[in-house]
Amino acid sequence: MEDETPEIETSPLSRRFSRDGITVEVKIYRLRGVNEDWSLEVVDHEDASTVWNETFLTDQEAYRAFYMTVETEGIGTFLERSETQH
């Protein structure tokens, strides 16, 4: 029996990001080989995640959305928000 689990493509822009003593994991990904838009998720130190409802045409746009959120709301906005959506 073949495993038909789709492969996930992770953007090279996915990374750990630190500011003001807080570190989060920025995850930008999409299904490999189907030219889908990119999804954005931010995971805090307790594995709580913030997932954007919208998708992005490019991984750069996804990273920009993350960065603009940090700039306008602060990095603390991602703490203790289990499965919240942006």
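This is a predicted model: local features need pLDDT of at least 70, side-chain atom pairs count only at pLDDT 80 or more; totals for chains, interfaces and linings use all residues.
Arginine 15 sits over the face of tyrosine 63, 5.3 Å from the ring centre.

Tyrosine 63 has a relative accessible area of 17%. The cut-off for buried is under 20%, so tyrosine 63 counts as buried. Phenylalanine 66 is buried too, at 0% relative accessibility.

These two residues share an element. Both belong to helix α1, which spans residues 59-73. They are three residues apart, about one turn of the helix. Their rings form an aromatic pair. A pair of aromatic rings is described by the distance of the centres and the angle of the planes. For tyrosine 63 and phenylalanine 66, the centres are 5.6 Å apart and the planes make an angle of 55°. Edge-to-face needs an angle over 60 degrees and stacked needs one under 30, so this pair is tilted.

Now widen the view. The structure holds five aromatic pairs. One aromatic cluster is formed by Phe17, Trp52, Tyr63, Phe66, Tyr67 and Phe78.

Return to arginine 15 and follow the strands. Strand β2 covers residues 15-19, and strand β3 covers residues 22-31. The two pair in the antiparallel sense, over five bridges. At one of these positions, arginine 19 has isoleucine 22 in β3 as its bridge partner. The hairpin of β2 and β3 has two residues between the strands. There, aspartate 20 takes a positive phi near 55°.

Key
Residues are numbered from 1 along each chain as its sequence is written. Side-chain values use heavy atoms; hydrogens and water are left out. Rings of Phe, Tyr and Trp (its six-membered ring) pair if their centres lie within 6.5 Å; planes under 30 degrees apart count as stacked, over 60 as edge-to-face and the rest as tilted. Helices (H or I, at least four residues) and strands (E, at least two) are DSSP runs, numbered from the N terminus. Buried means under 20% relative accessible area, exposed over 50%, partly exposed in between (1.4 Å probe, protein chains only). A charge sits over a ring if NZ of Lys or CZ of Arg is within 6 Å of the ring centre and within 35 degrees of the ring normal. Two strands pair if DSSP finds at least two bridges between them.
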